[in-house]
Amino acid sequence: MVDRIAEPWGARTPYAAGQRWPERVDGYLADGLGDDDVDRWVPSAAILHSNGDGLDIAVKDDRIVGVRGRRHDRVNHGRLDPKDLFGWQANNSRDRLTAPLIRRGGRLVETDWETAMAAVVDRSRELLGEHGPAAIGFYTSGQLFLEEYYTLGVIARAGLGTNHVDGNTRLCTATAEWALKESFGCDGQPGSYTDVDHADVIALFGHNVAETQTVLWSRILDRLAGPDPPQIVCVDPRSTPVARAATVHLAPLPGTNVALMNGLLHEVIAHGWIDGDYLRAHVVGFEKLAATVADYPAARAAAICGIDAADLRRAARIVGGAERLLSTVLQGFYQSHQATAAAVQVNNLNLIRGMIGRPGAGVLQMNGQPTAQNTRECGANGDLPGFRNWQNDEHVAQLARLWNVDVATIPHYSEPTHAMQMLRFAEQGSLRMLWVSATNPAVSLPELHRIRSILRQDRLMLVVQDIFLTETAELADVVLPAAAWGEKTGTFTNVDRTVHISDQAVDPPGQARADLDIFLDYARRMDFRDNDGAPLISWHGPESAFAAWQRCSAGRPCDYTGLSYAKLRRSGGIQWPCNADHPDGTERLYADGRFFSEPSYSETYTKDLITGGAVEPTEYAAANPDGKAMLWPVEYLPPHERPRGENGLWLITGRTVYHFHTRTKTGRTPQLNAAAPEVWVELSRSDADRLGIAEGDVVELASPRGTVTAPARITDIRAGVAFLPFHYGYWDCSAAGRHRAANELTVTDWDPVSKQPLFKTSAVRLRRKDGGT
Ligand SMILES: Nc1nc2c(c(=O)[nH]1)N[C@H]1C(S)=C(S)[C@@H](COP(=O)(O)OP(=O)(O)OC[C@H]3O[C@@H](n4cnc5c(=O)[nH]c(N)nc54)[C@H](O)[C@@H]3O)O[C@H]1N2
Ligand SMILES: Nc1nc2c(c(=O)[nH]1)N[C@H]1C(S)=C(S)[C@@H](COP(=O)(O)OP(=O)(O)OC[C@H]3O[C@@H](n4cnc5c(=O)[nH]c(N)nc54)[C@H](O)[C@@H]3O)O[C@H]1N2
Ligand SMILES: [Mo]
């Protein structure tokens, strides 16, 4: 047995290019139980990242007792991540929420569902009467199920008629979505995980896949251990496991990704490593791109990024010479000031090289959360359901017909409100009720002292729907106890469009209810009606909600009409679009060089990469009448804040392999908690020496927003940069008054296109704290 805390990726099963990735079944059962002790195995998929690893939940005496990877699943071939092996134990934690809570005399006290829901419904009615639907907002998640998002989307957009519905996907994959929309006219991942089996070069941009999608990294490690390994290019200021395995590691200064990408594109174009036939047939915008990147020769780009020009040229030669280039992008690009601009340059790289839509040649604009793709598809974030374009009247009319409501009911007067703007409205007082489901903003949003003061206001009714009493729930007026994964049925979709079903394995604790049932109960009590006086929401459980969503998805890029619960149970994960033409799903989008960007069909008319201003429909149609892929050039702009003074450093924040986000689950999992029980700060040797800091010394980090104290770890991070994991909130923080949440320090600022907050580029001052903590 491999110790999966010490060896997160498990044992190697090498394979060669074009071969099938060998199977390896991982599992963990509690209390020394064996497979024979298990009463039943229930099909599901991993819930603590976006990889979508198929697994079975082991049940004994109506309790979850373990998990086992699914050997035949297309995503993981049996493997599991350490968080998934152990993290299910949090479901059985004794401090789960088991009854609704309501604030009485300043304190949260237990109540019953009738009282809790009546409070929410009464306030909703009051606000609708006094202020209209814009007084109500929903802030949801990338961790619920498809059926739940679709239901919430219909409630918000057609029931109440509010434009304020977004997910924490805004913090997570809004940039993935926007990068795809800018280049291809629509969300939806071009590539497939099977591209790893074929690629001769894998380039990872701001993506620590080894720690954040460990099974995908196992797949890459197995190629690296095989006979004809791919070359790896890694772009990350830290020396991550990916960087250490890379052929070339570029460690740019935070916030300089656009300069780096323009330098790479310059080299590739200058050497003629482009696919002219592909460009002529399928792509618009090459001349402008070539003209812009002409100003970024390697020496200039490297100087901006603080890297060696020779390394940049080597990286360009590798990506430029690739026959099958797989590029992946994640938070190191998405959580910066020019996030969409930088991520689009990766699409540009693959497009000019004709590296889209064939085995090994693809782009993965990654997701982070397990069900983020569904938040985006179903209209529970800043988009209309089914990748419909809010600026396209016919798309809005389609929804009005589907739901049998007036077109005017569905807000489409502006882009749907993004999460940071909702918080601003709450701060200013126009938003009076915020319903938060499956996210913990009191730890995960930037500038926490501000977030706390917004959420705490008397005039704001805060409803929190969670499985634990989180930092956010503690500020709520009403807390609704939810059933967790394993306690409810639904479907969800991973990064490479693979849809899995997750069946209910056990009952939820106490009075906890499935999120779907809570939303349906609200809709029933609010008595939302369609134009014929029938209930707006005609479904009553997961399978009928899925059927309703299938009707909404019909004919759209994310077409689910060829799927069913029975089919998903039978065959495991299937990639959308899945319909009559593609009954077994679709491995790669755009294989025929045709895109979803035709003006009447596209999800967007695109935005300007510098200002974020929406492009006019006529302008879009003129630039891209035939629905081709689009190249958008952009100039590099320096980050908005930069370190000052002798002890000023860049602060980047992110993840460790052992924890998930605000640790509500992994902090309650013995193996994972023991592996990384406390926060730390990573520093380079040279910065540590300069500031008189030794390994383990307690350090104070200060920004204009707040301070954090953490023990120092001296690593190979590039000089001038400090790294803080953002997992550690304050629910179990023993040392009162001492902050350890990274977001005490981060800035309220976002990318102009995707509106994703900037968690990776703030400035801090750093000093050793004398006298310990
Ligand atoms: N173990 C674990 N796995 C997870 C999660 C988790 O919490 N824990 N969360 C899931 C979710 S929701 C997400 S979104 C993903 C995130 O997955 P990743 O994006 O892989 O994780 P991060 O650590 O946020 O950031 C990735 C890297 O960006 C680098 N970086 C920082 N600034 C810059 C920069 O300016 N330029 C470049 N090029 N790189 C930079 C950081 O050093 C870091 O190594 O992980 C998913 N998987
Ligand atoms: N500084 C910094 N901040 C960041 C990031 C960063 O890299 N740096 N990354 C950002 C990113 S990419 C992300 S995705 C966010 C994540 O931030 P959050 O979404 O706030 O993090 P989680 O801890 O995953 O919160 C999910 C909540 O849902 C609850 N939950 C779990 N399952 C269910 C369920 O089935 N139903 C209900 N109702 N509740 C459930 C959990 O208990 C938990 O409280 O953080 C963002 N914030
Ligand atoms: Mo995320």
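Predicted model: local features only at pLDDT ≥ 70, side-chain atom pairs only at ≥ 80, totals over all residues.

Biologist: How much of the accessible area of ligand 2 does the protein bury?

Modeller: Taken alone, ligand 2 exposes 920 Å², and the protein buries 99% of that. The space that ligand 2 takes is the largest cavity, and the elements giving two or more residues to its shell are strand 16 (461–466) and strand 22 (648–654).

Biologist: Which residues are closest to ligand 2, and what classes make up its shell?

Modeller: Of the 34 residues that surround ligand 2, the closest are N168, N440, S444, D466 and T662. Sorted by class, this shell has 12 nonpolar, 16 polar and 6 charged residues.

Biologist: Why does ligand 2 lie between domain 2 and domain 4?

Modeller: Because domain 2 (101–172 + 371–575) and domain 4 (648–768) both give residues to the shell around ligand 2, the ligand lies between them.

Biologist: Turning to ligand 1, which protein atoms lie close to its oxygen atoms?

Modeller: Here both backbone and side chains take part: a backbone N or O atom of G255 lies 3.0 Å from an oxygen atom of ligand 1, whereas side-chain N or O atoms lie at 2.7 Å in the case of R655 and at 2.9 Å in the case of K760. On its own ligand 1 has 920 Å² of accessible area, of which the protein covers 100%, and the ligand sits in the second largest cavity.

Biologist: What supplies the shell around ligand 1?

Modeller: Helix 5 (209–212), helix 13 (331–334) and strand 22 each supply at least two residues, and the largest share, 3 residues, comes from helix 13. In terms of domains, at least three residues are drawn from each of domain 3 (173–366 + 605–630) and domain 4 (648–768). Altogether 32 residues surround ligand 1, with T212, D236, Q331, R655 and H659 the closest, and they divide into 9 nonpolar, 17 polar and 6 charged.

Technical notes: Residues numbered from 1 in each chain as written. Chains lettered and ligands numbered in written order. Heavy atoms only, no water. Near = heavy atom within 4 Å. Areas by Shrake-Rupley, 256 points an atom, 1.4 Å probe, with all protein chains shown as cover. 1 Å grid on protein atoms, 1.4 Å probe; cavity = no way out; pocket = protein on both sides within 12 Å on 5 of 7 lines; lining within 4 Å. Sits in = over half its atoms within 2 Å of the grid points. Helix = DSSP H or I, 4+ residues; strand = E, 2+ residues; numbered from the N terminus. Nonpolar A, V, L, I, M, F, W, Y, C, P; charged D, E, K, R; others polar. Domains from an automatic or database assignment. Polar contact = N/O pair within 3.5 Å; in protein donor to acceptor, adjacent residues only side chain to side chain.
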